[in-house]
Amino acid sequence: MSPAELKRAAAAQAVGLVEDGMRLGLGTGSTATLFVDLLGEKVRAGLKVVGVPTSEATRRAAEAAGIPLTTLDETPDLDLTIDGADEIDPQLRLIKGGGGALLREKIVAAASRRMVVIVDGAKRVDTLGRFPLPIEVVPFGLVATTLAVAAAIRSAGCAGPLSVRKGADGAPYLTDGGHLILDAGLTRIPDPEALARALVAVPGVVEHGLFIGLATGAIVAEAADGQPRIVTLGAA
């Protein structure tokens with residue numbers, strides 16, 4: 001099966017978690033977009049929900065799907081967030097931010113009673129770090145911040161190159177909040193908690209893509225004999 005088919009299977013399983021009247025966090029990325037599309041079908045069939053999008057791209061997708069939207073200022077307590085991930089380990093620790101929405105994704109996840117991650121089987125890893133870790137930073141003082149981030153990474157027992165993410169036009173990629181993203185090619189993160197603590201202590205770092213203690217469950221779609229096999233982790 002293709003990755004797209006597996007992602008759709010995971011998204012379809014997650015739609016079954018949504019109950020009438022729920023306040024939802026709507027994630028960002030290819031798998032989360034599939035969830036939004038499928039949720040829109042349920043809404044058009046009569047399901048009553050409201051959603052908080054984690055990016056402008058998700059907001060546009062949700063509006064196109066007919067999903068009523070709200071904000072965290074209007075609805076600060078959410079029942080469930082459904083989002084994808086770039087990596088997930090056995091402790092439900094995540095790397096997120098490949099789509100550039102890590103700051104809003106983390107804020108929404110933290111405001112949710114439950115966060116269920118939807119991924120294909122390729123995203124499961126024993127140790128985080130194969131996917132470059134996104135680190136969102138302010139543009140001011142970029143060189144100094146990059147040096148401080150590199151030192152923080154070393155202090156947590158990691159090593160690897162840092163690069164400023166570029167957009168399709170070759171210019172530095174800007175998040176919805178107007179920030180830059182440093183991608184850290186660390187290969188392996190032996191102690192995600194230590195790295196998270198080191199990064200948040202760096203002035204100029206807005207947020208990082210390590211999601212620790214936020215995911216309550218995961219829905220993983222794996223290929224088995226040409227069909228999707230759903231594996232649930234945690235309280236999914």
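1. Two strands pair if DSSP finds at least two bridges between them. On that basis, this predicted model has an open sheet of 6 strands in the order 2-1-3-6-12-13, and the pairing in this sheet is mixed. Strand 2 (50–53) and strand 13 (227–234) are the edge strands, each pairing on one side only. On average, neighbouring strands of this sheet are turned by 20° against each other, with direction ignored.

2. Leu-24 has Gly-51 in strand 2 as its bridge partner.

3. Which strands does helix 2 lie across? Helix 2 (residues 30–44) lies across strand 1, strand 3 (78–83) and strand 6 (112–120). Relative to strand 1, helix 2 runs at about 145°.

4. There is also an open sheet of 3 strands, with the order 4-5-11 and antiparallel pairing. Strand 4 (87–88) and strand 11 (210–211) each have a single partner strand, so one side of each has no neighbour in the sheet. Strand 5 (residues 94–95) pairs with strand 11 in the antiparallel sense over 2 bridges. Here Leu-94 stands opposite Phe-211 of strand 11.

5. Arg-93 sits in the loop between strand 4 and strand 5. Is Arg-93 buried or exposed? Its relative accessibility is 15%, and buried means under 20%, so Arg-93 counts as buried. The side chain of Arg-93 makes a polar contact of 2.7 Å with the side chain of Asp-89. Another polar contact, of 3.1 Å, links the side chain of Arg-93 to the side chain of Glu-193. Leaving aside residues up to four places away in sequence, Arg-93 touches Glu-87, Ile-88, Leu-128, Pro-192, Glu-193, Phe-211 and Ile-212.

6. Glu-105 carries the feature "active site" in UniProt, where the entry is unreviewed. The residue Glu-105 belongs to helix 4 (residues 102–110). Why does Glu-105 count as buried? The relative accessibility of Glu-105 is 3%, so Glu-105 falls under the 20% limit for buried residues.

7. What surrounds Glu-105? Not counting residues up to four places away in sequence, Glu-105 touches Thr-28, Thr-54, Asp-83, Lys-96, Gly-97 and Phe-211. In the case of Thr-28, the backbone nitrogen lies 3.5 Å from a polar atom of the Glu-105 side chain. Phe-211 is among the residues touched by Glu-105, and Phe-211 is also touched by Arg-93.

Methods. Residues numbered from 1 in each chain as written. Predicted model: local features only at pLDDT ≥ 70, side-chain atom pairs only at ≥ 80, totals over all residues. Heavy atoms only, no water. Helix = DSSP H or I, 4+ residues; strand = E, 2+ residues; numbered from the N terminus. UniProt positions renumbered as here; feature names shortened; annotations may be inferred. Buried < 20%, exposed > 50% of the residue type's maximum accessible area, 1.4 Å probe, protein only. Contact = heavy atoms within 4.5 Å. Polar contact = N/O pair within 3.5 Å; in protein donor to acceptor, adjacent residues only side chain to side chain. Axes fitted to C-alpha atoms, helices over the stretch in contact; angles between N-to-C directions.
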